[in-house]
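Here's a quick briefing on a protein model, sorted by topic. Have a look at the fold first, then work through the points below.

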Amino acid sequence: MPLNDEKQCVNEDQQSDSESSRFSESMASLSDYECSRQSFTSDFSSKSSSPASTSPPGGVTFDDVMAAAKNLSDMTLAHEIAVNENFQLKQNALPENSLAGQVKRVVHQAFWDVLEADLSAEPPQYEYAIRLFEEIRETLLSFLTPGGNRLHNQICEVLDIDLIRQQAEHSAVDIQGLANYVINTMGKMCAPVRDEDIRELKATTNIVEMLRQIFRVLDLMRLDMTNFVIRNIRPYIQRDLVEYERNKFQEILEETPNALSQTTEWLKESMDEEFLSETAVAPRAEQSPTPSLSPLLVLNNCYLKLLQWDYQTKVLPETLVTDGTRLQELTEKLNQLKMIACLSLITNNMVGAVTEGLPELANRLKRISAVLLEGMNKETFNLKEALNSIGVQTCAEVNKALKERDLPTLNAEVQANLVGQFSSLEEKGNPVCTLMDKRIQMYMKSLLCLPSNPKSMPPVPGGLGVIQQELEVLGCQYANIVNHNKQVYGPFYANIFRQLLFRNEAVGKIETSLPAN
């Protein structure tokens with residue numbers, strides 16, 4: 001059988017070095033202000049829908065908007081299938097107490113009640129039942145592969161709707177026999193995970209309930225088939241994802257020319273900050289009229305800002321919409337790890353001398369902190385109360401460890417000081433949090449300077465050793481998102497940089513197709 005209930009694991013999409021080099025080449029042309037401006041425009045033809053075009057966009061029609069929405073939907077689905085190895089479709093069950101759920105149950109129950117009344121009438125009425133078998137036949141046929149001719153012919157022969165209608169006119173149709181055949185056929189075609197459902201179907205005696213459950217299991221089989229197809233096409237989508245996403249996004253730009261407005265603001269903000277930084281650092285006598293600026297450095301700083309992004313109120317750049325959920329989850333996990341590192345640093349500074357040489361205690365304190373900080377990014381989470389509880393638990397664990405070694409426990413003043421410092425971590429601008437945040441940012445920035453598939457991870461800054469393993473995992477996920485984003489949208493970013501750097505220059509269309517390998 002083509003279906004099975006095992007999930008096919010696919011490693012994260014690894015991009016080739018050649019694709020990485022293409023982005024680097026696009027950005028390298030912008031790395032120095034002293035290069036000739038003519039070089040930025042000589043290879044580009046004018047096109048009003050290009051991301052950095054200086055021509056005013058024309059009017060956008062409703063059809064353009066709908067076409068752009070479809071392209072965005074297709075691009076998002078392809079991206080999710082490729083980068084999320086656990087992606088699969090699930091049944092969309094309506095909430096039990098919702099109005100839509102109640103209406104659905106009432107309407108469905110009314111249909112099955114009518115069917116039961118028709119089959120119980122004298123003589124029985126088979127019209128609704130025949131329509132159900134016609135739908136069942138089409139569903140079963142849709143599961144067949146192109147080579148399944150024998151089973152195809154058998155299904156069409158047994159579920160011959162014209163013949164069944166003739167039998168019904170003479171009260172000679174065997175509804176139970178047809179249902180049994182359908183169940184047996186489903187058993188041959190379904191995934192092993194549905195075997196229990198098939199056994200329950202065979203044990204059902206009421207014909208109306210049997211038909212009802214047949215449709216339920218057919219819906220599950222249709223879902224299994226769809227997820228099976230997704231698992232099989234994933235490698236092919238991964239292989240061509242960069243080119244596909246880039247082409248789709250170019251189509252979106254052609255339909256909605258202002259589709260890079262948020263991205264432009266995102267890049268401009270970091271570029272202005274870099275200009276101010278260079279101006280402030282360089283002595284006035286050494287400042288050039290046009291200070292040098294590295295677009296790649298600016299872009300990396302833009303990506304680092306995503307780790308402190310307010311995903312509840314701020315709109316993401318258009319080029320990062322497909323990874324918005326992943327970036328938000330990564331940021332939330334990183335905030336939790338930062339808080340654990342802060343707690344560990346305070347503990348080591350205050351009682352490190354008495355707990356030195358007790359690695360099991362450090363691991364236990366880390367687990368306690370992780371549990372009590374679970375969900376700390378939710379609005380309803382009381383961080384101060386959680387930190388206070390962690391402080392109390394930490395004191396208790398440290399005292400327990402000291403007693404086991406026949407050492408004096410922490411006095412009340414030290415315990416109160418420890419709990420107080422823990423609680424102060426929720427205050428804005430806390431120096432410990434600021435320090436840990438800078439070190440995490442520094443580590444993440446070092447990851448962006450590595451090649452696509454580094455042989456080893458960069459060293460973790462001091463104070464982050466307690467979260468090193470988790471930080472490296474999140475760092476790899478973050479670097480994968482950034483590297484893929486650079487490969488897909490690098491030409492668009494390069495064109496925006498041209499527009500921002502040389503506002504008065506005419507800038508034309510970008511070349512979005514990948515060169516042949």
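Before the helix pairs, a word on geometry: axes are lines fitted to C-alpha atoms, for helices over the stretch in contact, and angles run from 0 to 180 degrees between N-to-C directions. Helices (H or I, at least four residues) and strands (E, at least two) are DSSP runs, numbered from the N terminus. This is a predicted model, where local features need pLDDT of at least 70 and side-chain atom pairs count only at pLDDT 80 or more, while totals for chains, interfaces and linings use all residues. Residues are numbered from 1 along each chain as its sequence is written, and side-chain values use heavy atoms, with hydrogens and water left out.

**Overall picture**
- The chain has 18 helices and zero strands.
- Of its 517 residues, 43% are buried (under 20% relative accessible area; exposed is over 50%, partly exposed in between, with a 1.4 Å probe and protein chains only).
- Take the contacts (heavy atoms within 4.5 Å) between residues at least 6 apart in sequence: 76% of them join residues at least 24 apart.

**Helix pairs**
- Helix 8 (residues 175-189) packs with helix 9 (residues 195-203) at an angle of about 170 degrees, the axes being 10 Å apart.
- That makes helix 8 and helix 9 roughly antiparallel (angles over 145 degrees; under 35 is roughly parallel, 65 to 115 roughly perpendicular and the rest oblique).
- Helix 8 brings I183, N184, M186 and G187 to the contact, and helix 9 brings I198, L201 and K202.
- By class, that contact has four nonpolar, two polar and one charged residues (Ala, Val, Leu, Ile, Met, Phe, Trp, Tyr, Cys and Pro count as nonpolar, Asp, Glu, Lys and Arg as charged, and the others, Gly among them, as polar).
- Helix 5 (residues 127-142) and helix 6 (residues 149-158) have axes that come within 10 Å and cross at roughly 180 degrees, so this pair is roughly antiparallel too.
- R137, L140 and L141 of helix 5 meet H152, I155 and C156 of helix 6, a set of four nonpolar, one polar and one charged.

**Aromatic rings**
- Searching the whole structure turns up nine aromatic pairs (rings of Phe, Tyr and Trp, its six-membered ring, with centres within 6.5 Å; planes under 30 degrees apart are stacked, over 60 edge-to-face and the rest tilted).
- W112 and F215 have ring centres 6.5 Å apart and planes at 55 degrees, so they form a tilted pair.
- This pair links distant parts of the chain, with W112 in helix 4 (residues 99-120) and F215 in helix 10 (residues 207-255), 103 residues apart.
- W112 is buried at 9% relative accessible area, and F215 is buried at 15%.
- F249, W266, Y303, Y489, F492 and Y493 are linked into a cluster by ring pairs.
- K314 lies over the face of W309, 4.0 Å from the ring centre (the test is NZ of Lys or CZ of Arg within 6 Å of the ring centre and within 35 degrees of the ring normal).

- N300 sits in helix 12 (residues 295-305) and is buried, at 7% relative accessibility.
- Beyond its neighbours within four places in sequence, N300 touches L448 and K486.
- Q125 is in the loop between helix 4 and helix 5 and is partly exposed, at 42% relative accessible area.
- Setting aside neighbours within four places in sequence, Q125 is in contact with D118 and L119.
- From Q125 to L115 is ten residues in sequence and 8.5 Å in space, C-alpha to C-alpha.
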